[in-house]
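Hi,

Here is the structure I said I would pass on. Have a look first, and my notes follow below.

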Amino acid sequence: MISVAVPDTEPRAAGGRRIIVMIGAPGAGKGTQAERLAEALGLPRISTGELFRAALRDGGPLEGKVRRYVERGVLVPDDLVIDIVGRRLAEADAAEGAILDGFPRTRAQAVALDEMLERARARVTAALYVEVAPELLLERLTGRRICSLDEGHVYHVTSRPPRLPGICDIDGAELYQRDDDAPATVRSRLETQLPPMYEVIDHYCEADVLFGVRGDASAEEVTADLLHALASAARSR
Ligand code: AP5
C-alpha cells in the first residue's frame with residue numbers, strides 16, 4: 001500500500017475521465033511508477049509492453065505480429081499499437097480514466113490518442129516524463145526481475161531485492177528476467193526508442209500538459225514528485 005497523501009489531481013476533461021500518460025526511456029521507472037500511481041489514484045494501469053509480452057507467452061493472433069519487434073527491442077508498428085490501445089481504453093474499467101504506461105511512443109501514436117479521446121469527449125489530462133541519466137538505464141534494466149504472475153511487481157537485484165532471492169514478496173511466485181533486458185537488446189532499445197520519445201515529449205509540451213520529474217531518486221520520492229506534479233497541473237488550470 002502506498003502511504004503518500006494524494007493531493008488534488010490534474011484537471012479532468014468533460015465526462016470526468018483522467019488519462020495520464022507516462023513517458024520515459026526504457027528503464028526510467030515508468031512501470032514502477034505507473035503501478036504506484038494506479039494504486040494511489042484508483043485507476044487501471046495499461047502497459048503496452050505488458051500486453052505484448054502476454055501475447056508472446058499465451059500465443060494467439062497477436063503473437064506472430066509483434067514477436068519480431070519486441071524480441072529485437074524495436075517499436076511495434078503504430079497502427080497495430082493504436083488499435084490495441086483503442087480497444088483496451090474502451091473496456092469498462094477505463095471508463096473513469098487510465099494510466100498509460102509505454103504509450104504513446106511516437107508522435108503518430110500521440111496524435112491518434114488525441115483523436116480517439118476527442119471522439120470520446122476526453123483528452124490527455126497530464127503527461128508525466130520520468131527523466132533518468134542514460135548511464136543508469138543499462139544497470140537498471142539488466143538488474144530487473146519481474147514476478148511471473150503479475151508484471152506490476154517489479155524488483156531489482158540491488159536497489160529493490162525481494163525478501164527471498166528469486167521469489168515475489170507479494171505472490172510468492174518465481175521472478176524472471178525479461179529477454180529484452182539482455183545488454184545487447186537494451187542497447188538497441190535505447191538507440192531506436194529515444195528519438196521518437198523526444199517527439200512525444202514535444203507533442204505534450206506543445207499541448208501544455210507535460211510535467212517532468214527526476215527519476216533517479218528513490219521510487220517513493222519519485223511517486224511523491226509525480227503526485228505533486230499532478231496537483232500543480234490542477235492548480236495551473
Ligand atoms: P515496455 O515494456 O514498455 O518496455 P520499456 O519502455 O523499454 O520500459 P521498461 O518496462 O523496460 O522500463 P520502465 O521504464 O517501465 O522501468 P521499470 O519501472 O521496470 O516495452 C517493451 C517492448 O514492447 C518495446 O521494446 C517495444 O518493442 C514494444 N512496445 C511497447 N509499447 C510500445 C508502443 N507504444 N509502440 C511500439 N512498440 C511498443 O524499472 C526498471 C528497473 O529499475 C526495475 O528493476 C526497477 O525496480 C528499477 N527502478 C525503478 N525505479 C527505480 C528507482 N527510483 N530507483 C532505483 N531503481 C528503480
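**What I found**

Let me start with Arg 121, which is found in the loop between α5 and β4; helices (H or I, at least four residues) and strands (E, at least two) are DSSP runs, numbered from the N terminus. Its phi is positive, near 55 degrees, in a residue other than glycine. Arg 121 is also exposed, with a relative accessible area of 61% (exposed is over 50%, buried under 20%, partly exposed in between, with a 1.4 Å probe and protein chains only).

Before you go further: this is a predicted model, where local features need pLDDT of at least 70 and side-chain atom pairs count only at pLDDT 80 or more, while totals for chains, interfaces and linings use all residues. Residues are numbered from 1 along each chain as its sequence is written, and side-chain values use heavy atoms, with hydrogens and water left out.

Two other backbone spots are worth a look. Asp 208 has a positive phi of about 65 degrees although it is not a glycine. Asp 208 is found in the loop between α7 and β8 (210–214) and counts as exposed at 52% relative accessibility. Then there is a cis peptide bond between Phe 103 and Pro 104, with omega about -5 degrees; Pro 104 is in the loop between β3 and α5.

α5 covers residues 107–119, 13 residues, and reaches 19 Å from its first C-alpha to its last, close to the 18 Å expected at 1.5 Å a residue (expected span is 1.5 Å times one less than the number of residues). Gln 109, Ala 110, Ala 112, Leu 113, Met 116 and Leu 117 are buried in α5. Seen down the helix axis, these buried residues fall within an arc of 165 degrees, so they line one face of α5 (the arc is taken over the directions from the helix axis to the C-beta atoms). On the other side of α5, Glu 118 and Arg 119 are exposed. The cover over the buried residues includes β1 (18–23), α4 (78–89), β3 (97–101), β4 (124–131) and α7 (183–206).

Leu 113 turns up again in the largest nonpolar core, which has 61 residues; it is among those with the most contacts inside it, along with Ile 23, Leu 89, Ile 99, Leu 128 and Tyr 204. (A nonpolar core is a set of buried Ala, Val, Leu, Ile, Met, Phe, Trp, Tyr and Cys residues joined through side-chain atoms within 4.5 Å.) α7 gives the most to this core, with 7 residues. Apart from it lies another core, of 5 residues, including Cys 147 and Tyr 155.

On to the ligand: 37 residues surround it, and the closest are Thr 32, Thr 48, Val 74, Arg 144 and Arg 189 (a residue is near if one of its heavy atoms lies within 4 Å). A few polar pairs to check:

- A backbone N or O atom of Gly 29 is 3.0 Å from a ligand oxygen atom.
- A polar backbone atom of Gly 102 is 2.8 Å from a ligand nitrogen atom.
- A polar side-chain atom of Ser 159 is 3.1 Å from a ligand nitrogen atom.

Last one: which residues does Arg 53 touch, not counting those up to four places away in sequence? Glu 151, Tyr 176 and Arg 178, where contact means heavy atoms within 4.5 Å. Arg 53 is in helix α2 (residues 48–58) and is buried, at 13% relative accessible area.

Cheers

Notes
Polar contact = N/O pair within 3.5 Å; in protein donor to acceptor, adjacent residues only side chain to side chain.
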